[in-house]
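Hi,

Here is the structure I promised to send over. Have a look at it first, and then read on for my notes.

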Amino acid sequence: MTTTVGYTDGPTTVDLFEIDRYKQGLIQFIKTCKTPITIAIQGDWGSGKTSLMSMIDKELEKDPHIQRIWFNTWQYSQFNKSDDLAVSLLSAIGTKIKVKDLESRTKFDKYYDILSSKVTTVAKATAKATAAVAGGLSGAGADTAVKALEAAMKGDKAENDIAVVLENLKASFESVVQNACGEDGRVVFFIDDLDRLVPAKAVELLEVLKIFLDSPQCVFVLAIDYAVVQRGVADKYGRTFDKEKAKSFFDKIIQVPFKMPVADYNIDSFVKKCFEDIGITVSNIEKYTELINLSIGNNPRSMKRLFNSYLLLLSIANENVIKTEKSKQLLFALLCFQSRFDKIYDYLIANKDDLDAEFINAMREKENPLLDELKLSKKEADLFPAFAESFIKLIDKDDSGDVNQEEIKPFLEVLSFSAITGNGSDANDRKRKPPKSLAGVGELILQYDEIGKREKMQRIVDAVQEYTGCTPQFKQYPTYFNIVYRLNEKLRLDITLLERKDGLTLDVCADKQFLLTSPGVSEFVRIHNLKYKDYGTRKYFRCKVGYDDATALNEIENMIKNLRHEIL
């Protein structure tokens, strides 16, 4: 038999992250808590909610006093049953409970059949009526919802009364539960994948749970995230239903919120097992876990995708591309890059022919123009510099602290190879064509900035030339332009043009000793309260100025005056 490797996206009943104390705590609570009660297992997609519920379910199976009912809302919605999910849920929980005699089940089935006789019409009307009750609506809104349901019902007059139907249905359900459990038992309902539904539909199902299933000897364990409830309440009741009301709605239905303990996941143990499972020996597990923590984080689904991609690429790679342990680490790091910082990764792929050592080293800067241009979220922008620092160490073969041009070549080979598993179909759209001449820089600026900034930029360039007598050099990178004045052998002035509305940056760049001892630099630093930044090849003091002519020119004039004797 062929040995299989890799990971599926299915839940597991094995504790891969050593969270047994959380699992055991939930199991003990479910067994001993007063009922009825509803527990919400909260977490992002892929954080392990279904796996935790499966582990709990497996343990509860050993207890003869507990029945377990599992309902997957996602499966029903995939078969176009989202409109009648509430009725389907009622059917599942009512018919799956094992009763000792059939009398109570017969009564439940009778009232369930009333609701499901015309399932689509009734489900829609029921949803409106239950929403009115759960949401505390009154007056015309509630009357309309109730009348809609009454109109959908046909048959016996008593059965047309919505209040009677709901009351009888709930009473018969409680009778089923009591008959099945006796005095000491309980039924645990696992409702999975609520947060995969359209948020408003998830809220509707919560309302049904509250109206119909708020019954003794019942414990409901729901996989849902609070953010989904917030969006669902807003979609269902309108944007005027603010966050405070959404929280009250959540608290009314959920008695016990439980967040997945992703911060306590033992990633080292999981990563080690993953490498063992796919038959790869690594010597430095800590480096791999560091890359994961700084990128995709402790999300099991994301880590499984990562290792599947890694296994695929290693199966394809030849010895010319993946030669050493460090090149394997670099490939792994690029897959982390690809998964978490896809915008930057796609940009690197699109502009790989233009990348140089200075650009790669600058990626770890917190004020990197690349982050501004690609419009990363705040969370991504805050996280990326630390990841870039760890990433650069893998390219830096001689451990000098900085990447040199010779080290870029093998990096580019692995970068190109890693694109096989990427999603960046629009990467080439982000590629900038470099100017054919120095004059072309101005034209390129005009492509990305409104009319008028070119003239202001030119005035700044002219002013620096006037004060320094130096002719600027232009350096063009994939995400920004540098206008560089080399004032002497030790000192240069950089003007960095960003794709932003708030202006540009001025950097005083030189070697560290010169910057910290130069009287002119020290005076400029004191006036502007600047902090020294050391990123290896880039050592500088930085200030930012706006595009306003007077402000920008005054800043440059002050800088040059304070540096005049170093220039001369």
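Predicted model: local features only at pLDDT ≥ 70, side-chain atom pairs only at ≥ 80, totals over all residues.

Below is what turned up, going from the pockets to the salt bridges, the backbone and the surface.

**Pockets**

The largest pocket comes out at about 780 Å³. Its lining is made up of 29 residues, and those nearest the centre are I296, G297, N299, S302 and R340. If you want to find it by secondary structure, go to α14, α15 (325-340), α16 (342-350) and α19 (378-395), each of which supplies at least two lining residues. The lining of this largest pocket has 15 polar and eight charged residues, plus six nonpolar ones.

The second largest pocket holds about 450 Å³ of space. It is lined by 30 residues, with G48, K49, T50, S51 and R301 nearest its centre. Two or more lining residues come from each of α2 (49-60), β2 (66-72) and α14. Of these, α2 gives the most, with four residues. By class, the lining of the second largest pocket splits into twelve nonpolar, eight polar and ten charged residues.

**Salt bridges**

How many salt bridges does a search of the whole structure find? The count is 14. Here are a few of them.

- R68 pairs with D57, with the closest N and O atoms 2.5 Å apart. This one links distant parts of the chain, because R68 sits in strand β2 and D57 in helix α2, eleven residues apart. D57 is buried, at 16% relative accessibility, while R68 is partly exposed at 29%.
- K287 pairs with E290, and here the closest N and O atoms are 3.2 Å apart. Both are in helix α13 (residues 285-293), and because they are three residues apart, about one helical turn separates them. K287 is buried at 12% relative accessibility, whereas E290 is partly exposed at 34%.
- D382 and K378 meet at 2.8 Å, N to O. They are four residues apart in helix α19, so about one helical turn lies between them. Both ends count as exposed: D382 has 51% relative accessibility and K378 has 65%.

There is also a network, in which salt bridges with shared partners join R364, E389 and D402.

Check the peptide bond between T35 and P36, which is cis, with omega about 0°. P36 lies in the loop between α1 (20-32) and β1 (37-42).

Two residues other than glycine have a positive phi. E18 has a phi of about 55° and is in the segment before α1. For D193, phi is near 60°, and its place is the loop between β3 (186-192) and α9 (199-212). Is D193 buried or exposed? D193 counts as buried, because its relative accessibility is 11% and the cut-off for buried is under 20%.

**Surface**

Last item: L312, I316 and I420 make a nonpolar patch on the surface, with about 270 Å² of accessible area together. L312 belongs to helix α14 (residues 300-316) and is partly exposed, at 42% relative accessibility.

Cheers

Note on methods: Residues numbered from 1 in each chain as written. Heavy atoms only, no water. Patch = residues over 30% accessible without salt bridge, like charges linked within 9 Å, V, L, I, M, F, W, Y side chains within 5 Å. Areas by Shrake-Rupley, 256 points an atom, 1.4 Å probe, with all protein chains shown as cover. Salt bridge = Lys/Arg side-chain N within 4 Å of Asp/Glu carboxyl O. Buried < 20%, exposed > 50% of the residue type's maximum accessible area, 1.4 Å probe, protein only. 1 Å grid on protein atoms, 1.4 Å probe; cavity = no way out; pocket = protein on both sides within 12 Å on 5 of 7 lines; lining within 4 Å. Points joined across faces, edges and corners; volume = space filled by probe spheres on them. Nonpolar A, V, L, I, M, F, W, Y, C, P; charged D, E, K, R; others polar.
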